[in-house]
Amino acid sequence: MSALARQPAGRRLGWTLALLALAQLIYALDLNIVFVALPEIGADLGFPGQTQQLVVSAYVVFAGGFLLFGGRAADLLGRRRVFVSALALYAVSSLAGGLAPSPATIVVARAVQGIGGALLLPSTLSLINTLFAEGPQRNRALAVWGGAGASGLTIGALLGGVLTENFGWPAVFYVNVPLAALVALAALAVIPPDPAAGQRRRFDLPGSLTVTGGATLLVFALVEGPEEGWSSPLVIGAFLLAAVLLAAFAVIERRSADPLMPFRLFRNRSLTIGMSVTFIYMATFGVLPYFLTVLMQSVHGYSALQTGMAFLVPSLAIATGTQLGERLTTRIGLRTTLLIGFAIGAAGTAVLALGFDADAGYGLLLPGLIVSGVGQGIVWTAMWIAAATGTAHHEQGVANGIASTTLNIGNAIGLAVFTALADIGTEGRTGEALRSATAHGELVVVLLTAAGMVAGLLVCLVLPRASAPSPVPAEAPDPAHVTTS
């Protein structure tokens with residue numbers, strides 16, 4: 001019997017939340033840490049410049065394609081079991097990435113790492129949503145989890161620069177190995193074991209294959225479209241095959257006795273609005289770091305480390321917003337909190353646009369970064385509360401998988417559309433003319449993201465005025481299970 005297992009239930013939940021937040025930190029850290037190392041990876045492994053993006057897109061494509069599968073696996077195979085397995089997969093694939101001797105090896109390692117991320121995110125969320133009671137307790141847990149994610153984005157940018165400059169690019173992969181292994185081992189001691197299986201349920205293999213294949217191809221087409229060209233046979237073929245597979249998935253789910261994604265879940269207005277908000281969030285707030293990075297590095301000439309330092313202030317603002325989101329949701333309700341978050345975010349992003357000028361300094365960006373970041377953090381916490389509200393415990397995994405999938409697709413579509421718009425007017429320009437054209441294109445895009453946030457605000461008006469449905473109690477850990485973990 002471990003010392004942690006003998007502690008009071010409240011303290012065990014505290015340790016559990018710390019582990020789940022650390023897992024989210026690892027997940028968020030890895031989103032940014034590789035960007036800084038791309039030039040060195042390309043030079044060392046012989047990647048042509050235009051194909052280095054595969055190191056990033058391999059992760060994005062497979063993470064997006066397997067999220068719904070990961071959510072269903074958490075529901076059927078056990079949340080702790082999938083959580084630990086995902087971290088183990090993360091550690092092994094990170095080690096393989098650091099040891100990669102060729103471009104093909106590192107791309108495959110990143111794809112496997114993406115699958116690990118797709119298993120990790122919904123299992124982490126479903127653990128929070130079942131171990132913490134719906135209402136203030138769960139809201140607080142999601143705020144801590146969200147704050148860890150916000151911190152991970154900045155730490156990733158900073159750590160990527162420090163590790164690459166001092167130890168070489170493999171270090172950005174190796175750092176995940178001890179972190180993921182430590183959290184996985186601690187989870188076995190702290191998180192209550194999965195309850196014994198009740199009624200036997202099918203995994204819905206046809207549904208899993210079609211939706212995973214369709215979602216993966218859809219994200220692939222959206223990610224590669226700007227690189228390959230939207231008229232490329234590869235991109236068009238991926239879109240068509242994705243449409244066929246997703247249509248087949250819809251037919252299979254309607255006929256299945258135990259579907260992977262029960263369509264009755266969409267009768268829950270909170271989940272449906274939560275899905276819509278996650279999509280809009282990542283298509284607007286979620287694309288801003290990309291354009292800020294381009295502005296700082298390509299227009300203003302910041303180094304990788306300087307860019308990471310520049311993200312410290314907005315990350316602190318986002319982390320502050322995540323805590324405000326929890327407090328506001330508990331006190332004034334989910335609908336009003338989302339409306340406030342989007343309103344602050346839209347206003348801050350409009351102010352942020354003033355700093356998108358070739359001759360503007362960081363000081364002109366700062367007010368918008370702070371205000372927009374606070375709004376972003378408020379929406380981040382509240383949208384996950386919305387996605388989890390009113391969903392039965394045994395379907396929390398798939399519900400979070402659905403919301404996470406729309407999050408990923410929203411980011412892919414937002415980047416595809418806005419990068420195309422930002423590039424208008426930059427063709428054939430060089431030097432100062434290119435700097436000015438890039439800044440102007442990004443100014444237009446930032447204003448459009450602010451308009452998208454206003455659209456998100458309007459979507460939230462559909463939520464009921466009541467703060468939430470009747471609370472669903474958390475799963476009470478079986479004391480016998482806890483003491484033997």
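Predicted model: local features only at pLDDT ≥ 70, side-chain atom pairs only at ≥ 80, totals over all residues.
Modeller: Residues are numbered from 1 along each chain as its sequence is written, and side-chain values use heavy atoms, with hydrogens and water left out.

Colleague: Why is Ala392 called partly exposed?

Modeller: Buried means under 20% relative accessible area, exposed over 50%, and partly exposed in between (1.4 Å probe, protein chains only). Ala392 has 31% relative accessibility, so it counts as partly exposed.

Colleague: Where is the place of Ala392?

Modeller: Ala392 sits in the loop between H16 and helix H17 (396–423); helices (H or I, at least four residues) and strands (E, at least two) are DSSP runs, numbered from the N terminus.

Colleague: What makes a set of residues a nonpolar core?

Modeller: Its members are buried Ala, Val, Leu, Ile, Met, Phe, Trp, Tyr and Cys residues, joined through side-chain atoms within 4.5 Å. The largest such core here has 90 residues, and Phe83 and Trp384 have the most contacts inside it. Helix H16 (residues 362–388) gives the largest share, 10 residues.

Colleague: Which residues does Phe83 touch?

Modeller: Contact means heavy atoms within 4.5 Å. Leaving out residues up to four places away in sequence, the partners of Phe83 include Leu19, Leu120, Val183 and Ile191.
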